[in-house]
Amino acid sequence: MPRARQLNKTGIAAAALAIADAEGFPAVSMRRVAQELGVGTMSLYYYAKSKAELISAMDDALMAEVLVPTLPEDWREALTAIASRTRDVFVRHPWALSSMQSAPPGENAMQHMEQCLEALAKTSMTMDEKLTLLALIDDFVFGYTLRETAGDPVVDIDAARKRLATGAFPELTKAFGKELRLCIPNRFNLGLEAIFDKFSERGLKGTARPRRHRPNSAK
């Protein structure tokens, strides 16, 4: 059994994250964390009264990793830094994307959102536009990370070429007939830039007009 360490919520969360990284999220339990720390299971309940509180502590520790030490002044650079750091955290902890959805937002999750809004504070975007932009970035980052952590697809090159040679896939032949392109360099930043361009301050003036309610016609 490992030698007992001084207990605190930070150390307990770190031990739980290490177990999830090494053995998968289902392996995390109060007993398993206690074993990792070299203490009795009941010793943990002073810091985390339930499995739900343990998961909340894990989520808060993950969100601490997401926080950017210094936020760039330019909003695009700031959001790129936040998005890149978020992607890196979920690449290190790929199980977290699906397993931590039920965790309520803790202090570090709130600080993360504060940083995101701070990055946009000097823009002319409305609050609805800011929140929509941040939601789209989250969708992009989470989707990108899921694909990135899934591993490279297994492609039977010879079988693919034979199918292309039948002439049944003319557009695919134009795209892949001469060489197999499975990776687009810098795809992450290209995706972010596409989202930013749509939500740039200049673009918003033409695309994000408030809705006007028509008065009821008098009869």
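The buried residues of helix α11 are covered by elements that include α5 (75-92) and α8 (127-149). The model is predicted, and the mean pLDDT of the chain is 85.

**Helix α11**
- Helix α11 spans residues 187-198, which makes 12 residues.
- From its first C-alpha to its last, α11 reaches 17 Å, close to the 16 Å expected at 1.5 Å a residue.
- The residues F188, G191, L192, I195 and F196 of α11 are buried.
- Viewed down the axis of α11, these buried residues fall within an arc of 135°, so they line one face of the helix.

**Residue T86**
- T86 is located in helix α5, one of the elements that cover the buried residues of α11.
- The relative accessible area of T86 is 7%, and the residue is therefore buried, the cut-off being under 20%.
- Leaving aside residues up to four places away in sequence, T86 touches V66, H112, V141 and F142.

**Confidence along the chain**
- A pLDDT of 70 or more is reached by 84% of the residues of the chain.
- Among the elements of the chain, helix α7 (residues 107-119) has the highest mean pLDDT, at 97.
- The lowest mean pLDDT among the elements, 46, belongs to helix α12 (residues 201-207).
- Over residues 203-219 the pLDDT is below 50, and this stretch has five contacts in the model beyond near neighbours in sequence.

Note on methods: Residues numbered from 1 in each chain as written. Predicted model: local features only at pLDDT ≥ 70, side-chain atom pairs only at ≥ 80, totals over all residues. Heavy atoms only, no water. Helix = DSSP H or I, 4+ residues; strand = E, 2+ residues; numbered from the N terminus. Expected span 1.5 Å × (residues − 1). Buried < 20%, exposed > 50% of the residue type's maximum accessible area, 1.4 Å probe, protein only. Arc of directions from axis to C-beta. Contact = heavy atoms within 4.5 Å. pLDDT = per-residue confidence, 0-100.
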